Amino acid sequence: MPSTGSDGRHWERPKLNFSWESPYGHVVSLVSQLGLKEGVVLDLGCGYGAVAEPLAELGLEYLGLDSDKKALDDLRHRGFQCFDVDLSSFDDLRERVLQVVQREDGKPIRALLLLDVIEHFSPASTFLGSLKEIAELAGNPLLLVSVPNVAHVDVGAKLALGRFDYTPTGLLDETHVSFFTESRLRHELAAYGWLEVARNDFRLNRSDQSFPGLHPGVAPGASLSNFIRHWRNQVDGTATVNQFVRAFATTEVGTPEMVDPSARAFMSVIMRTEGTREDNLREALTCLAAQTCDDFTVKLLVHTANDELVDAVRAMVAEFDDRFAARCLVMQIVGGQRACPLNRGLELVDSSYVAFLDDDDLVTVNWVETFREGARTAMGKVIRSVTVDQQVHRNPDPNGLAPYVVHTGMHPQHSETFDMVQHFYANQTPICSFAVPAEVIDCFGLRFDEGLPVTEDWEFLLRACQVAGVHDTREVTSIYRRWVAGEGSSHKVDQKVWDGTRTGILYRFDQAPLLLPAGSATRISNLYESTLRLEQARLDAWDVARERMEVIEELREEIRGIQSSLSWKVTFPVRWFLHYARRISRFAQGQRDV
């Protein structure tokens, strides 16, 4: 009889020829990579045993377990041992499998195979619990799993557009009762004591769900299909995984720790410093310690190999009130570019939102509170406030009371509201004036590009704002310090580097579809209209200039015609005489005046 799932439904496996370019081929390759040999491989729910011969060629003894009589007879005919075991019979599954194991006269069990099996059990947890007990009694062999990926981009694109197509086989096999993403597979197995140790996933850029061929969600080259694929690829590396092929080893049983969202702080503040601007850092920390809302933590990343500077920063934090100091984590970061500390900070986030503050910038006492109120109004969006600029420079007097001198007052150089189109031209949102939802960062794996010498915050912001949108608080909550006399990055980095980096970032965005906020159509149309008007004005000015040039050229032609005429040549002596007569007359007039 065919195999039976946990719901009592039967599924009958087709007899498939082995191919290296298939999930089965990837399973055998993974067995080879793991160096498994000279032992027994137990294939649970083996069907026709497509991997039997390739595994035997590796030196492994293949044993198949299934309840499909026809498939088992086929395996026996091919010379392999197999046993009639119903995997859905949880009550005696362990005993039945152990009976098979004990018949092998002490031969080591190298691996348990679950190929296209667990998706037929719901809940899978009961089956996985029995499997862990079997593994422990069989000497803790590796577990190799092959399971379809329900999060393949083709499935997601069609489902987003209201279509879910069951098929006789494939990703949405009509006999499947459980569906797995990478996250679910990892968590389900971890909950029953299985730790992933290797992978060799089978990928298909176009899966069996890429139909109908003209569907805008899956059609090759369709704008919507390209758009969905681009953003799905940003999430993780499984967008085109058709079948997860993973190896697991037994470990301690335990479910991943779940954090109660209500216990999280509202915001994590990621600060980077090199520890060399002690007075500026103290000012920035003082601003944070004085916040009207203390629902935040501080991740202070000291980017230096100098341990003494790190100790000095820790000592500085300890100077503050214990309630604030306890919410500050100081960590040393050695090596990497200027964005490296920011990325390390993102790995430590334990809050709902994330904001950033450099050691030389200042924030108002309601900085955190403004972000929190904005998040309550527009949950899930990037919350943006307004920054004013102030020019400063180092105090040249080493005995001066102030570490720096203020050049100017505070100038509102940045737009009060966010405009995505404008931001592709120039950043209007300094790093200290926005907060990003942690879920957006986690979902898309957002990180700062450590390869960028400058403007890494601009590139990060553009990616975050595309998917989350922006809520403008219109509140001035920070002061962005612009160092003059060679102190800041605008002076330390050559202008060619700034220009080249900006060009490179725009080129990167040009390679992918853009997600623009509401109102962008009118904005782009108005910009295009303005461009056309300027172009028309330029053409009109050129037409006027050309007409004038034509008139001048006509006059020149007339002059050249006169000069080449016979009358002009004949009257030359007369004109010569008159010319010198006038000069003599002027000279004589000058003598009389003297």
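User: How many aromatic pairs does a search of the whole structure find?
Analyst: This is a predicted model, in which local features need pLDDT of at least 70, side-chain atom pairs count only at pLDDT 80 or more, and totals for chains, interfaces and linings use all residues. Residues are numbered from 1 along each chain as its sequence is written, and side-chain values use heavy atoms, with hydrogens and water left out. Rings of Phe, Tyr and Trp (its six-membered ring) pair if their centres lie within 6.5 Å; planes under 30 degrees apart are stacked, over 60 edge-to-face, the rest tilted. The search of the whole structure finds 14 aromatic pairs.

User: What is the angle between the planes of phenylalanine 164 and tyrosine 166?
Analyst: Their ring centres lie 5.4 Å apart. The pair is edge-to-face, with the planes at 90°.

User: Are phenylalanine 424 and phenylalanine 509 buried or exposed?
Analyst: Their rings have centres 5.4 Å apart and planes at 80°, so this pair is edge-to-face. It links distant parts of the chain, 85 residues apart: phenylalanine 424 in helix α14 (residues 420-425) and phenylalanine 509 in helix α18 (residues 495-510). Helices (H or I, at least four residues) and strands (E, at least two) are DSSP runs, numbered from the N terminus. By relative accessible area (under 20% buried, over 50% exposed, partly exposed in between; 1.4 Å probe, protein chains only), both phenylalanines are buried.

User: Which residue lies over the face of phenylalanine 211?
Analyst: A charge sits over a ring if NZ of Lys or CZ of Arg is within 6 Å of the ring centre and within 35 degrees of the ring normal. Here the distance from the ring centre is 3.7 Å, and the residue is lysine 158.

User: How many salt bridges does the structure hold?
Analyst: A salt bridge is a side-chain nitrogen of Lys or Arg within 4 Å of a carboxyl oxygen of Asp or Glu. The structure holds 36 salt bridges.

User: Which residue forms a salt bridge with arginine 376?
Analyst: The closest N and O atoms are 2.8 Å apart. The two partners are 3 residues apart in helix α13 (residues 367-377), about one helical turn. Arginine 376 is exposed at 54% relative accessibility. Its partner is glutamate 373.

User: How many residues apart are arginine 523 and aspartate 419?
Analyst: They form a salt bridge, with the closest N and O atoms 2.2 Å apart. Aspartate 419 is buried, at 18% relative accessible area, whereas arginine 523 is partly exposed at 27%. Arginine 523 is in helix α19 (residues 520-563) and aspartate 419 in the loop between β17 and α14, a separation of 104 residues.
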